[in-house]
Amino acid sequence: MRLPISNFAARPSTVWLGPRSLCSALNSRTGLLTLAISAVLLVVGARAGGPADLAREIDTLVDQHLAEMGATPAARTSDAEFLRRIRLDLTGRIPTLAEVEAFLASEEPQKRIALVEKLLTSPEHARQMQRMLDVWLMRRRPNKHVPQPQWEQYLFDAARANRPWDELTRELLRADGAESAPRPAARFLLDRELKTEETVRDIGRVFLGRDLQCAQCHDHPSFGDYLQRHYHGIAAFLNRAYLFKDPATKLTVIGEKAEGEVKFTSVFTSEQGMVAPRILDLPELFDPPVEDPQGLYVQKPDKKTRGEPTHSRRAMLASAVTDPRNDAFRMNIANRLWAAMMGRGLIEPLDMIHEDSENLHPQLLQRLADDLHQHGYDMRRTLHAITLTDAYQRRSTAAETDPLAAAVMKPLTPEQLAVAALIATGVERRYVEAAKAKLPPQPAWDPDTLQPPLEMSPTAAEQQRRWRLEAEVTKATAGEVAAFAKVFISGNETGAFDATASQALFFRNGAKLTAWLTPRQGSLCERLLAHEQDLSVAVREAYLSIYSRPPTKSEASLAVDFIQGFESDRLAGLQALVRAMLCSAEFRLNH
Amino acid sequence: MGATATAGFGPLLSVARAGELKRKQTQILQVFLQGGVSQFESWDPKPGTELGGPFRAIPTSVPGIHVCELLPYTAQQMHLLSLVRSINLKTNDHGVGMRFMEKGRKNGNFPYFGAVASRYLGEANPPLPGFAHISTRGLSEDTAGFLEAQHAELKLEGFQAPANLEAPAGVAAASQSRMERLRRQLNEQFGKDRSKSLIDAYDASFQQAGQLMSRRQMFEKQSAHDLVRYGSHPFGRNCILARTLLEQGVTCVKVTHHGYDTHAENFNFHIEQLGEFDRTFATLLGDLEDRGMLEHTLVIVYSEFGRTPKINHRYGRDHWGASFSVAMGGKGIQPGAVVGATNAKGTEVADREVDAGHLFHTYLQAAGVDSMADHDVEGKSIPIGDPATSAIKELLV
């Protein structure tokens with residue numbers, strides 16, 4: 001159900017506007033009152049141009065498109081469906097049993113809006129963004145020059161501070177691993193060892209949405225706008241840079257020479273070209289004229305020191321990629337954020353945007369891209385807006401008519417799957433309790449500054465505790481998550497669904513799940529076994545824990561019959577039920 | 001010339017097996033000699049030359065073709081094989097060479113040959129995984145590239161059963177099948193009003209898992225008779241398993257024989273290594289032929305590169321991608337042929353230079369896949385084989 005537009009505009013997004021009665025009034029159908037209140041809110045200036053407004057614009061555009069296509073949008077998600085989806089999308093986790101029950105029981109009419117806001121500022125969201133950025137940027141390649149924990153912390157901090165994408169991009173491309181930025185930022189270039197093929201290819205894919213690999217040796221045979229000079233134009237920013245192992249620090253850093261050009265020859269036409277640094281079709285960036293050959297270097301390269309030229313081509317790369325004239329930069333990030341939430345980019349594949357790409361909604365993509373640009377590449381704002389839309393909150397029913405008419409199912413990422421299994425089986429709770437016991441009730445000192453807090457409000461103290469608790473639990477479960485996720489990680493880069501026999505065997509027979517299904521220390525199977533006298537209660541708890549929803553009547557009776565099929569061996573029946581549910585598509589997919 | 005060597009029996013056999021053949025899908029057997037087998041000590045001997053090493057060349061079942069004396073059994077099956085002696089990969093790096101040989105491309109996230117075979121030669125939802133790799137060590141490679149993960153290799157640690165093949169202790173078979181039935185019911189319920197592709201793909205992986213579990217005797221018993229014929233060493237047992245997997249319908253079976261990286265004591269090591277390889281491989285090849293499987297099975301024996309002509313001071317040969325050989329035979333391959341040649345000393349390719357891109361096209365076209373066509377993957381059209389190379393036509397039937 002769509003709310004009337006006037007109501008939608010007035011949805012509070014970060015400012016709490018009043019008592020519950022006011023919010024209920026907003027939802028009432030007494031038009032005059034609604035209008036009056038809306039007017040008041042607008043006068044107050046409640047977030048005009050905020051995420052809610054953008055959400056409304058998105059819905060208008062999507063609805064227009066669906067009307068043109070004659071497509072009927074799928075129904076709105078149930079609260080349980082929404083809760084599981086938003087939890088996975090924003091925080092990489094399924095909700096806990098307690099959370100499901102509380103959310104379903106809440107009669108707060110704006111509870112979805114409130115939940116989105118709560119999640120977006122949670123440590124779990126920063127964790128999910130860290131993992132997403134990691135895969136975007138590094139595609140799960142092994143660490144060479146920057147250890148993974150440092151890299152993860154760097155991304156986590158960036159996500160926590162909601163650092164703008166353009167700023168982050170510049171830092172990643174400018175970092176030399178020595179001094180100009182936090183060392184982990186240099187991982188993007190260092191761990192690709194500045195190899196032209198990998199580096200140029202991934203700069204194209206990650207920041208421009210264009211996999212220019214095929215344009216390395218010739219203009220792309222089928223995409224008119226993937227040209228050899230585009231590939232080599234990016235290469236020209238980097239061809240003077242080299243890896244340098246500093247004999248003093250033993251660290252590998254990036255040095256650069258002051259000379260060197262990029263030439264290329266087409267293997268098809270044998271045409272030759274030479275290109276100065278350039279991003280796609282933006283103008284070439286020529287070196288300044290050299291008046292004094294002695295002035296070429298700030299630091300001349302030799303065996304003991306890395307070279308630092310006066311004019312650094314590499315340093316220009318960062319600003320060239322994020323140049324406002326480079327439309328590809330904003331289109332790419334808009335398309336990626338849309339895909340992260342909606343399960344499919346407006347253009348697919350995400351790294352093959354070209355002039356003839358099939359675009360589900362060009363106007364919408366442009367709007368999202370421009371909004372990102374206008375709002376300083378605030379990714380959280382975009383995610384916030386998308387998750388508020390009706391388009392996002394639709395059910396994942398089959399929609400033959402139009403890909404935008406229903407939600408697209410997303411396979412859980414390896415980490416999401418591992419964490420979901422930990423939560424569902426009740427094993428994570430053990431780690432949470434242990435971590436809580438370890439944390440002092442009040443923070444003795446600030447973990448960032450290592451200073452005692454001068455004055456800290458109870459709310460701030462609670463906030464800090466939450467962030468520390470999340471960090472502790474993540475650290476404590478890291479081994480379990482990594483061992484589980486390993487089975488599900490593949491190099492498939494299309495985002496296509498991975499399902500192999502080895503993975504199925506792991507789910508069906510693996511020792512890890514078997515251990516997690518042992519009834520002990522408050523695990524799911526222990527709790528279910530406590531209800532062996534009333535199996536319908538046990539089945540309900542299993543459904544809430546694993547599927548994040550209550551069973552329907554027929555599902556409940558099917559499950560009860562199933563357990564009874566194991567006769568007196570209640571535990572075996574319950575474990576088999578839990579295992580079958582964990583092995584099912586409903587658990588494997590974000591739907 | 002090899003074609004005439006076998007022509008005598010050809011018509012009779014093919015009439016007898018025509019019906020059977022129609023039902024048989026094309027399959028692949030890859031034997032990967034990891035580390036880089038020496039071409040001098042195997043397919044391209046240069047006896048009596050400066051860099052040729054101490055071994056002699058012996059005649060084979062194909063008049064005119066000689067191989068190194070370390071391959072006496074394989075020499076007797078030469079009429080089933082052909083050789084390419086003119087491969088130049090322009091790399092001496094294990095990883096680069098291996099991926100080039102597997103993917104037909106030097107760079108990029110392309111699928112391995114086995115994954116491509118699984119996608120184009122296998123059934124839509126095969127009961128068993130389409131690509132199995134038997135190896136006793138080595139890291140897991142990303143073999144599916146941009147193809148669906150179901151085409152990735154199922155890595156088998158030697159002839160051991162794959163991980164998690166046994167039901168958890170104490171879970172009875174009846175409970176297993178009940179659980180499996182419930183899982184399917186849950187999927188049906190969930191899939192009622194949803195699009196089927198993801199759910200079906202997920203379901204298929206569990207069905208494959210179930211098939212592997214119910215056929216786990218594949219990994220249990222190997223007959224004493226076979227162990228005598230193949231050898232009871234790991235490579236022998238792995239090859240028995242490879243035959244079984246092919247018989248069970250796995251589209252592509254790859255067996256890795258480790259240990260050819262002979263930087264020191266090249267000659268002693270090749271006596272040992274090829275001593276293991278030769279009889280085992282010849283037995284396997286003979287079995288495939290005897291069982292009528294060779295007509296629909298392409299057999300490939302390859303390495304990531306060859307070894308240097310130069311013999312180093314430790315009597316070793318080092319990495320050499322500039323002129324080495326592979327052997328292939330079976331489905332779609334003209335038997336008993338030799339393509340390309342190295343110069344007299346074996347220091348460079350003298351005729352018909354090819355690289356792994358040509359081989360990739362050749363294998364696929366022999367198997368009946370149009371390697372010049374495109375993969376259609378999630379909206380991308382990607383040439384299956386490298387468009388800059390093409391098949392070695394003279395090897396194709």
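A: Helices (H or I, at least four residues) and strands (E, at least two) are DSSP runs, numbered from the N terminus. With that numbering, A:Arg139 is placed in the loop between helix 8 and helix 9 (148-160) of chain A; phi of A:Arg139 is near 50 degrees, a positive value in a residue other than glycine. The model is a predicted one, in which local features need pLDDT of at least 70 and side-chain atom pairs count only at pLDDT 80 or more, while totals for chains, interfaces and linings use all residues. Residues are numbered from 1 along each chain as its sequence is written, chains are lettered from A and ligands numbered from 1 in the order in which they are written, and side-chain values use heavy atoms, with hydrogens and water left out.

The interface may now be considered. Contact (heavy atoms within 4.5 Å) involves 53 residues of chain A and 47 residues of chain B. Buried area is the accessible area (1.4 Å probe) that two parts lose on being put together, summed over both; for chain A and chain B it is about 4,400 Å², with 64% on carbon and sulfur atoms. On the side of chain A, the residues that lose the most area to chain B are A:Leu505, A:Arg508 and A:Asn509, which together make up 16% of what that side buries.

A salt bridge is a side-chain nitrogen of Lys or Arg within 4 Å of a carboxyl oxygen of Asp or Glu. Side chains of opposite charge can pair when their charged atoms come close. Over all chains, the whole structure holds 65 salt bridges by this rule. One pair crosses between chains, from B:Glu180 in helix 6 (residues 173-191) of chain B to A:Arg508 in helix 21 of chain A, and its closest N and O atoms are 3.6 Å apart. Across the interface of chain A and chain B the rule finds three salt bridges.

Polar contacts are pairs of N or O atoms within 3.5 Å; within protein, one must be able to donate a hydrogen and the other to accept it, and residues adjacent in sequence count only if both atoms are side-chain atoms. Seven residue pairs are in polar contact across this interface, both residues being at pLDDT 80 or more. Elements that give two or more residues to the side of chain A that touches chain B include helix 12 (196-208), helix 21 (501-509) and helix 25 (553-564) of chain A. Helix 21 of chain A gives the most, with eight residues. That side divides into 26 nonpolar, 14 polar and 13 charged residues, where Ala, Val, Leu, Ile, Met, Phe, Trp, Tyr, Cys and Pro count as nonpolar, Asp, Glu, Lys and Arg as charged, and the others, Gly among them, as polar.

Two further features of chain A complete the account. A cis peptide bond joins A:Glu348 and A:Pro349, with omega about -10 degrees. A:Pro349 lies in the loop between helix 15 (327-342) and helix 16 (362-374) of chain A.
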